[in-house]
Amino acid sequence: MTNAERDFIVEKVKEVIAAPSCCAELKAAAQTYLDTLDTADEKEAGKLLVAELEEDVQDIDSVLAFFSSDAGKAYFGAEMAAEMAETAKKVKAAGGTTCFCPACAAGKAILDKKEILM
């Protein structure tokens, strides 16, 4: 891993942690990765982070369906859910394949370069 690649991954991992939309399990995996940098455990923590990202980063169709559902409306409120559904439609129309929340966006950027962590 080059210094630039490492800096990119570390920056994106920090973005994942800081994202309000980040779940506790992903936040823990991301923090563990940062805590193990430059140790013998870094590679294993990277693999665990990738596995958690693969589980948590949502595709655009799934989030669009959720924002449009009764559950999404109950969770976010009808107005916010409608706004988020519209944003999801725009992301999809522009060719986006992943949820647009900060955690998923940063997570997708990491997954796009996951071979660096493996």
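This report walks through a predicted model of a protein chain, from its overall build down to a few single residues.

**The overall picture**

Let's start with the whole chain. It has seven helices and zero strands, so going from the N terminus the elements read α-α-α-α-α-α-α. Picture a box drawn along the principal axes: the C-alpha atoms fill roughly 50 × 25 × 20 Å. Of the 118 residues in the chain, 39% are buried. And if you take the contacts between residues at least 6 apart in sequence, 63% of them join residues at least 24 apart.

**Helix 1 and its two partners**

The crossing of helix 1 and helix 2 is left-handed. From helix 1, Ile-9, Val-10, Val-13, Lys-14, Val-16 and Ile-17 take part, and they meet Leu-26, Lys-27, Ala-30, Gln-31, Tyr-33 and Leu-34 in helix 2.

Lys-113 lies over the face of its ring, at 5.6 Å from the ring centre.

**Aromatic rings**

Now for the rings. The structure holds six aromatic pairs. One of them is Phe-66 with Phe-67: the ring centres are 6.2 Å apart and the planes sit at 55°, so this pair is tilted. Phe-66 and Phe-67 also belong to one aromatic cluster, together with Tyr-75, Phe-76 and Phe-100.

Phe-66, at 34%, counts as partly exposed. The table puts them beside two other residues that come up next.

| Residue | Relative accessibility | Class |
|---|---|---|
| Phe-66 | 34% | partly exposed |
| Val-91 | 23% | partly exposed |
| Met-118 | 43% | partly exposed |

**Two residues up close**

Val-91 has its place in helix 6, residues 78-93. Which residues does Val-91 contact, leaving aside its neighbours within four places in sequence? They are Ile-60, Gly-96, Thr-98 and Phe-100. Phe-100 is also a member of the aromatic cluster. Val-91 and Ser-69 are 22 residues apart along the chain, and their C-alpha atoms are separated by 18 Å.

Met-118 is found in the segment after helix 7. Leaving aside neighbours within four places in sequence, Met-118 is in contact with Lys-43, Lys-47 and Val-50. Then there is Leu-53: Met-118 and Leu-53 are 65 residues apart in sequence, and 13 Å apart in space from C-alpha to C-alpha.

Notes:
Residues numbered from 1 in each chain as written. Predicted model: local features only at pLDDT ≥ 70, side-chain atom pairs only at ≥ 80, totals over all residues. Heavy atoms only, no water. Phe/Tyr/Trp six-rings, centres within 6.5 Å; stacked < 30°, edge-to-face > 60°. Buried < 20%, exposed > 50% of the residue type's maximum accessible area, 1.4 Å probe, protein only. Lys NZ or Arg CZ within 6 Å of the ring centre and 35° of its normal. Helix = DSSP H or I, 4+ residues; strand = E, 2+ residues; numbered from the N terminus. Contact = heavy atoms within 4.5 Å. Left-handed = near helix turned anticlockwise from the far one by under 90°.
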